[in-house]
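Open the model in your viewer and keep the selection tool at hand. The tour goes chain by chain, then to the places where chains touch.

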Amino acid sequence: MNDGPGFWRVVGLVAAKDLRIEWRSRVALNQVLPFAAIVMVLFAFAVDRLPRPAASATTETLLQTVAPGLVWLAMLFSLLLLVQRTFAVEADDGALDALRAAAVDAAAVFWGKTAALATQLAALYLLLLGTALVIYGAELRTSGIGLLAATWIAATLGLATVGTLYGGLAAGARGRETLLPLLLLPVVAPVLIGATRAVEAALGTGGTAVADGWPWVGVVGVFAVAFGAGGTLAFGALIDE
Amino acid sequence: MIGEHVADTLATEPSAASDDVASSGTATRATRLLGAAALVGVAWLAAFGLGFSPADRDQRESVRILYVHVPSAWLAYLAFVVTAVASGLYLFRRSHALGWDRVAGASAEVGVLFMGITLVSGMLWGRLTWGVFWEWDARLTTTAFLFVTYVGYLAVRGLGGSHQQRARRSAVLALLAVLEIPLVHWSVRLWRSLHQEATVLRPDGDVKMDGLMLFTLFVGIVAFTLMYAWLVVHRQRTLAAEDAADDAGLDRALAARRAEVG
Amino acid sequence: MEDAGFIIGSYVVTFGAVATYAVWLARRARRVTRDLPDHAKPWT
């Protein structure tokens, strides 16, 4: 374990390698991003016409109310595609075998892949949130920017750790395309709940206060830490033969 | 089967199963005794649950569903704990014994069965008591997540690869479930507590237990524990036999290949 | 008994499911152990 290059150097190399592959292939840009955008348009078709409860005194439209959750749902669907992509790249060329043969620390590989995935997810979230501002009519408020940023970091990290972990589990197995959603979606439920509530508070959806959002960032943060630790410990056992 | 009297169904069906394995298969004298005891337990449970125990003051007759619902839920939870412990024993012991892996897989399969039973019987009970099949209560939601998680676990066991590969993969997944389930439960509880003030009758909160009801529940737990044990022992042995057959098939294929080449 | 359909139904579903699984398991056990030598059956 200690014979290879240093931990952080491996993290940086793996992350840079993954991001470079993504940048050169443009799959995330040309396929995942349009996919997420069309999902958000379809959400609007699905919920726009539902009647609002008469008792609610707010003037916001239904789409404005549900916008924070819809953005995170679109993120989860995109996560599935991105995770499959990041491990398909490894499996195709036997790259994981090469990494194993190079005797690098599996935990470092895990964090490298997590960092690359988190970077892509973070960029995607900014784009999707911008889309929600435009097509759902969601509105930012300056008092919620800090909360929004904290949620953004915690949730993308949480999704990236758990995505890398379960992606590694299903990597190289037949039928992984259908298996990954079954494994991953139940696990990321806390992120969907926590990040949605936090962003609702940051945007003031339904009259929520900014202060109401911070406990939810805590939920997402605990999730990210728990699965970060889990991945550090377990990733070696998963990709090791 | 549906048309017959329930007690008959209970008495005949599993005994047919135990007779089946008498000639060959995975039965031994001990498991036949265990199976017979489980049948007696089931007959007792049906007699007490449907006959002798009184109706509840608040829930009336629907309380009878709880005598199968609560034990199956407890045994499902126990099954998943066994899966986690066996997975840990596989993963952290130097020998990496496949026996522990098969115990984990057998227990998870029986746990999924019991959890499915729990969900169905719970929905029937909820319809009678709450008026709806489903409530977004933290415990119900977590139970549904447990069910889906272990369905996924069983799917991972079926992925293929070598036995050790299967064992390592599924052991890691079973231990990750131990991480996942408390997080899901915690977040769902927070979610509900902030969004729903209406009080829900808790699944166990309002049950006034008299002596005979408590005894019936106890009979249910004994009966389900015996069924669990019988099923896990047989499933575990069947898995061992399947693995052995796999290895034998591989050996034969290798021998044939060597004969071809040499 | 009131609601007899629901109550008896829950018992039928419960024990029917366990019985179905038990029968499936016993059949499978018989099939996979048929050609297996005794040394591969440590429980015998």
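What radius of gyration does chain A have, and how does that agree with a compact globule of 241 residues? Chain A has 19 Å, which agrees with the value near 18 Å that such a globule would have. The radius is taken over C-alpha atoms, and the globule rule is 2.2 Å times the number of residues to the power 0.38.

This is a predicted model, in which local features need pLDDT of at least 70 and side-chain atom pairs count only at pLDDT 80 or more, while totals for chains, interfaces and linings use all residues. Residues are numbered from 1 along each chain as its sequence is written, and chains are lettered from A and ligands numbered from 1 in the order in which they are written.

**Select chain A.** Colour by secondary structure: chain A has nine helices and zero strands. Helices (H or I, at least four residues) and strands (E, at least two) are DSSP runs, numbered from the N terminus. The C-alpha trace of chain A spans about 65 × 30 × 30 Å along its principal axes. Of its 241 residues, 46% are buried, where buried means that 20 or more other C-beta atoms, placed from the backbone, lie within 10 Å of the residue's own.

**Select A:Met75, A:Leu121 and A:Val220.** These have the most contacts inside the largest nonpolar core, which has 155 residues. Such a core is a set of buried Ala, Val, Leu, Ile, Met, Phe, Trp, Tyr and Cys residues joined through C-beta atoms within 7 Å. Helix H5 of chain A, residues 106-136, gives the most to this core, with 16 residues.

Stay on A:Met75. Beyond its neighbours within four places in sequence, the residues in contact with A:Met75 (C-beta atoms, placed from the backbone, within 7 Å) include A:Leu121, A:Leu124 and A:Tyr125.

**Select chain C.** Here you find one helix and zero strands. The C-alpha atoms of chain C fill a box of roughly 55 × 15 × 10 Å, taken along the principal axes. Buried residues make up 30% of the 44 residues in chain C.

Technical notes: Buried ≥ 20, exposed ≤ 12 C-beta atoms within 10 Å, placed from the backbone. Contact = placed C-beta atoms within 7 Å.
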